[in-house]
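Please look over the sequence and the model before reading on.

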Amino acid sequence: MKMLLMICDGMGDRAIPEFGNKTPLQKADTPNMDWLADKGMCGLMDAIAPGVIPGSDTAHLALLGYDPAEVYSGRGPFEAAGLDMELREGDVALRCNFATIQDGIITDRRAGRIKNPRALEECLDGMEIDGVKIIFKAAVEHRAVLILRGEGLSSSITDVDPHKPGSEPWVCKPVMPEGEKTAAVVNHFVKKSEKILGEHPLNKERENKGLLPANIVLPRGAGYMIPLTSLQDRYKITSSAIAGIGLVKGVCRLAGMDVPEVDGVTGGLDTNLDAKMNAVKDALKTHDFVLSNIKMPDIYGHDGDAAGKVNGIEKLDEALAPLKELIEEDVIIALTADHSTPVPVMNHSADPVPLLIAGKHVRRDEVVHFDEISVARGCIGRIKGMDLLPIMLDLANRSEKYGA
Ligand code: ZN
Ligand code: ZN
């Protein structure tokens, strides 16, 4: 039996007074999610633990059965894997922004949302600083990833990116003594980026056109590469992930999953949900387990847009219609979120997320509405993210007996 895990990123929310204190998911009309709730069992889930606010990276790790406390040291390596950069054990990876610095002050953290910084990537990639190899790759818009490869590196360092404009870049400092060398290399890299990018013809051209130059790189989110035991080795399953955002792709790649690039799947509000669902159905033909992430609800949550979130959830629900046939085909389907992104918070919160697990022979409780409040009456109760995959494996008759 096959398994499908649909993750509606950031879908959980809190009471919205304008909606009569309903959440956006309660307020939205979601016939397909409700149909699935009717065909299985429901409950609440804390992706990490009650009261712990999950990142999308740590939440997805937990949903794949990994303990973030053991395998997560920072976001960098997962961003790098999302760009399909090769990572080796001991590498330190950081996510970066191309930014604008004027008279020593960061005036724009996104360098005017520069569109195509590939030309700027080349002049930084491949250099060596204090015996450490610099691997640098531009991503979409102003984003980039930096990998440091060498002896004695550590991710116990602070960020360079000051997180808001109007101040000098922060000096990278070791958090623990073992981070000293790495911090020095990062600071050296930032200085070099300022010098090399400052003289780059592309930036001269941008300034002539009245655009902000991308004349410094600001690293943050250092993480140490810790290899994951693949899902194949842990659970004896083949697996694939259909996702748009690099961070989720990176987590799934490092878990050994096949992560195809799907045309039209962007991870943004313009993503083609039908293309995504078709890719999910295709992946289920060739893999035992498929994970799909739909980013949209999280974006509306971060924007504080309650009406947009309701509307987005309704569109998402329409796109989920093909899941009904999959129940007939004996697929075990779990539908949930990686965390809540409540509109009043405009960021992630630790509010537990709704969860349903549906399938031909899955126990059926009395819950017929899929929302944060209704699911609490369901027979799953309240579980942690790391429990989900083992439960799905058992329902798909893929678990092994513990004992005789
Ligand atoms: Zn998320
Ligand atoms: Zn988010």
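## Zinc sites, salt bridges and a helix

K309 is buried, with a relative accessible area of 0%; buried means under 20% relative accessible area, exposed over 50%, and partly exposed in between (1.4 Å probe, protein chains only). This is a predicted model, in which local features need pLDDT of at least 70 and side-chain atom pairs count only at pLDDT 80 or more, while totals for chains, interfaces and linings use all residues. Residues are numbered from 1 along each chain as its sequence is written, chains are lettered from A and ligands numbered from 1 in the order in which they are written, and side-chain values use heavy atoms, with hydrogens and water left out.

K309 belongs to the buried residues of helix α13, which also include A306, V310 and L316. Helices (H or I, at least four residues) and strands (E, at least two) are DSSP runs, numbered from the N terminus. Helix α13 covers residues 306-319, 14 residues in total, and reaches 20 Å from its first C-alpha to its last. That is close to the expected 20 Å, where the expected span is 1.5 Å times one less than the number of residues. The buried residues of α13 pack against several elements, among them β1 (3-8), α11 (273-286) and α12 (296-303); contact here means heavy atoms within 4.5 Å. At the N-terminal end, D305 caps α13 with a side-chain oxygen 2.7 Å from the backbone nitrogen of G308.

K309 also takes part in a salt bridge, with D13 as its partner. The term means a side-chain nitrogen of Lys or Arg within 4 Å of a carboxyl oxygen of Asp or Glu. A search of the whole structure finds 22 salt bridges.

| Salt bridge | Closest N to O distance |
|---|---|
| D13 and K309 | 2.8 Å |
| D46 and R382 | 2.7 Å |

Elsewhere, salt bridges that share partners join D84, K249, R253 and E261 into one network.

Which residues hold the zinc ion (ligand 1)? D9 (OD), S56 (OG), D338 (OD) and H339 (NE2) coordinate this ion at 1.9 to 2.0 Å. Donors are N, O and S atoms within 2.8 Å of the metal (3.2 Å for Na, K and Ca); water is not among the atoms, so sites may look incomplete. The four donor atoms subtend angles of 100 to 130°, which makes the arrangement tetrahedral. Four donors count as tetrahedral if all angles lie between 85 and 135 degrees; four count as square planar and six as octahedral if opposite donors are over 155 degrees apart and all others between 65 and 115; anything else is irregular. Both S56 and H339 are buried.

The zinc ion (ligand 2) lies 4.6 Å from the zinc ion (ligand 1). Its protein donors are two OD atoms of D298 together with NE2 of H302 and NE2 of H348, at 2.0 to 2.5 Å. Around the zinc ion (ligand 2) the four donor atoms subtend angles of 54 to 146°, which makes the arrangement irregular. D298 is buried, with a relative accessible area of 2%, and H348 is buried at 15%.

How values were computed. Polar contact = N/O pair within 3.5 Å; in protein donor to acceptor, adjacent residues only side chain to side chain.
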